[in-house]
Amino acid sequence: MSLKDMTGQKVPSVTFHTRQGDAWVDVTTDEIFNNKKVVVFSLPGAFTPTCSSTHLPRYNELAKEFYALGVDEIVCVSVNDTFVMNAWKEDQESENVTVIPDGNGDFTRGMGMLVSKNDLGFGDRSWRYSMFVNNGVVEKMFIEPQEPGDPFKVSDADTMIKYLNPSWEAKPSVSIITKPGCPFCSKAKALLEVKGLPYEEIILGKDASTTSVRAITGRTSVPQVFIGGKHIGGSDDLQAYFDVK
């Protein structure tokens, strides 16, 4: 297996056949890359474990931080057809990432990243990599090491954003369990927003039940806030947490 580093070169000129709603829409590489700063990550396949659990979700999660650094678009490329890519994006709720179906592998082949996955019954697929493309020219590539299996060490979102901003530090992951009409929940969410901490909201009756809250926290009241793997508690506990900090 011989992979190619395209740093300093233009991306291949390719037309992608995409399905948007009920219409076929051809999208060219010129439309994607010309006069734009684009972060691209490419992976072996939609719905596969690492791609679904980590690779795509983290780029989607950090999208606003990429945009703040001047990135115009985040693009995910895979050697899959457009129906598979669209279904995967919807399943992953990755509204911040543009998925591009390289069904025939033309773009991936031109990038020197097309590899055989015949041992898995996949046929030819993309090797995992990421790149920063400035006006159609590859400024930086992060290519996974040529090791057995499917290594995932350098093409992640955190590595890319640190390349764009070496002083960047990851914010702790935050989740908050709430219920509609709860004033203390609104207070806690407002406090998180003031502190600049994005959060994932888990709504009782929709995403979880009081049984889950009791099992996880030992409490039945809401909100319940978790920061960086630590259970903080309710809105007053959250205020005390920030007061100490």
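Select Ile176 first: this residue stands opposite Glu201 in strand β11. The chain crosses from β10 through helix α7 (residues 183-194) to β11, and this β-α-β crossover is right-handed, a term for a path from the first strand over the helix to the second that runs clockwise with the strands pointing away from the viewer. Helices (H or I, at least four residues) and strands (E, at least two) are DSSP runs, numbered from the N terminus.

The model is predicted, with pLDDT of at least 70 needed for local features and 80 or more for side-chain atom pairs, while totals for chains, interfaces and linings use all residues. Residues are numbered from 1 along each chain as its sequence is written, and side-chain values use heavy atoms, leaving out hydrogens and water.

Next, show β10 (residues 174-178) with its partners. Strands pair if DSSP finds at least two bridges between them. β10 is joined to β11 (residues 200-203) by 4 bridges, running parallel, and to β12 (residues 224-227) by 4 bridges, running antiparallel. In β12, Val225 stands opposite Ile176. Because 4 of the 5 residues of β10 are buried, the strand is largely enclosed by the rest of the structure; buried means under 20% relative accessible area (1.4 Å probe, protein chains only).

Now move to helix α2 (residues 49-61) and select Cys51, which lies in this helix. Cys51 is buried, with a relative accessible area of 0%. UniProt, in an unreviewed entry, places the feature "active site" at Cys51; such annotations may be inferred rather than shown by experiment. Among the residues that Cys51 touches are Leu43, Trp88 and Arg128, contact meaning heavy atoms within 4.5 Å.

Conventions: Buried < 20%, exposed > 50% of the residue type's maximum accessible area, 1.4 Å probe, protein only. Lists of a residue's contacts leave out its neighbours within four places in sequence.
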